[in-house]
Amino acid sequence: MNRNARKHELNMALSVLPIFNPLNDYRIYHINQLTSSILLHNLIEQAKKTIQFTIDTEDDYYTHRPSLIQIEFIQHQSIVLLIEVHHLPQATSVIFWLIRSLLKIILNPSNCIYSWGNGENELNKFISCGLFSSKQLKQINNIDVQKLFKNWHDQKLTHEYICLPRDIQKRLHAYSKQSIETSGHHWSLQMAIVYACQEFLNKCRTKSRWSRNLYIVNNNQSLVMNAKQNNIIQEMIQYAVNDCLAVTKLVSILLHK
């Protein structure tokens, strides 16, 4: 069984668990050439009031090009931005300048940036987009939650999976054992959510065309798209958003350990 087949089989096996449930309610905002200056001004004001953010990124599965930046403003009601880098306005436009200004506030060293893996490496792939500089990224206060989670897990004296189905117990036991015995083991976000929350984080949309336009509301494309395509895009959006919300939920668990 190849790697993709194993991932698909694991996703199917874990799907019997309760669906992932985020900590907070949230609102999603697409950032692209259609984003209004009024919305960006409002987001800038919200960013100024926020000190904790979670970031994630997606590369297009087919072209391997960095395509999407997800950013959660961690609040009582979170805000999740989906920055569609292949659908941004011209770099000389006011809208582009406002997006840069928004990211400058978010990436301020006084803020805490959570990520699953190294956040600077995640964002470095997007330098050519002109939204931020490598100098800005070197100064961010990034917390690698993947590393924190492994340390938390490996230091636990007992590992119980009683509430899980027998098949998932076996998978998690083997995965936990590998983490404890291998210093360089990297937990997947999906398995971390199973371990800490006993929930299913659906990864069926990992292999997607992330460079496509995800904003279909009030868009003429929606008139010609069939229901299946609309459903795929909605699943991609939920996948991208959940990757931030899941990291934030794990942060809450680790901070209250």
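How many bridges pair strand 2 with strand 3, and is the sense parallel or antiparallel? The close-ups below start there. This is a predicted model, so local features need pLDDT of at least 70 and side-chain atom pairs count only at pLDDT 80 or more, while totals for chains, interfaces and linings use all residues. Residues are numbered from 1 along each chain as its sequence is written, and side-chain values use heavy atoms, with hydrogens and water left out.

**View 1. Strand 2 and strand 3 sit side by side.** Strand 2 and strand 3 (residues 66–73) run antiparallel and pair over seven bridges. Two strands count as a pair if DSSP finds at least two bridges between them. One of the links joins Thr54 to Glu72, its bridge partner in strand 3. Strands of a sheet pair through backbone hydrogen bonds, either parallel or antiparallel. The strands and helices named in these legends are DSSP runs numbered from the N terminus, with helices being H or I of at least four residues and strands being E of at least two.

View 2. Angles here run from 0 to 180 degrees between N-to-C directions, and axes are lines fitted to C-alpha atoms, for helices over the stretch in contact.

View 3. Touching, or contact, means heavy atoms within 4.5 Å.

**View 4. Helix 6 meets helix 7.** Here helix 6 (residues 145–155) and helix 7 (residues 166–181) pack at about 100°, their axes 9 Å apart. That makes the two helices roughly perpendicular, a label for angles of 65 to 115 degrees (under 35 is roughly parallel, over 145 roughly antiparallel, and the rest oblique). Look for Lys150, His153 and Asp154 of helix 6 meeting Ser176, Ser179 and Ile180 of helix 7. Sorted by class, this contact has one nonpolar, three polar and two charged residues. In this sorting, Ala, Val, Leu, Ile, Met, Phe, Trp, Tyr, Cys and Pro are nonpolar, Asp, Glu, Lys and Arg are charged, and the others, Gly among them, are polar.

**View 5. Meet some of the salt bridges.** The whole structure has nine salt bridges, each being a side-chain nitrogen of Lys or Arg within 4 Å of a carboxyl oxygen of Asp or Glu. Side chains of opposite charge can pair when their charged atoms come close. Asp59 lies in strand 2 (residues 52–59) and Lys125 in the loop between helix 4 (119–124) and helix 5 (134–138), so the pair ties together parts that are 66 residues apart in sequence. Another bridge, Arg171 with Asp167, has an N to O distance of 3.0 Å. Arg171 and Asp167 both sit in helix 7, four residues apart, about one turn of the helix. Glu9 joins in as well, linked with Asp167 and Arg171 in a network of salt bridges.

View 6. Glu45 and Lys48 form a salt bridge, their closest N and O atoms 3.5 Å apart. Both lie in helix 2 (residues 37–48), three residues apart, about one turn of the helix. Glu45 is partly exposed at 40% relative accessibility, whereas Lys48 is exposed at 53%. Buried means under 20% relative accessible area, exposed over 50% and partly exposed in between (1.4 Å probe, protein chains only).

View 7. Helix 8 (residues 189–197) is mostly covered, with eight of its nine residues buried. Those buried residues pack against helix 1, helix 6, helix 7 and helix 10 (227–255). Just after helix 8, Gln198 takes a positive phi of about 55°. Over in helix 1 (residues 3–14), Asn11 is buried at 8% relative accessible area. Among the residues that Asn11 touches are Gln190, Phe200 and Cys204.

Technical notes. Lists of a residue's contacts leave out its neighbours within four places in sequence.
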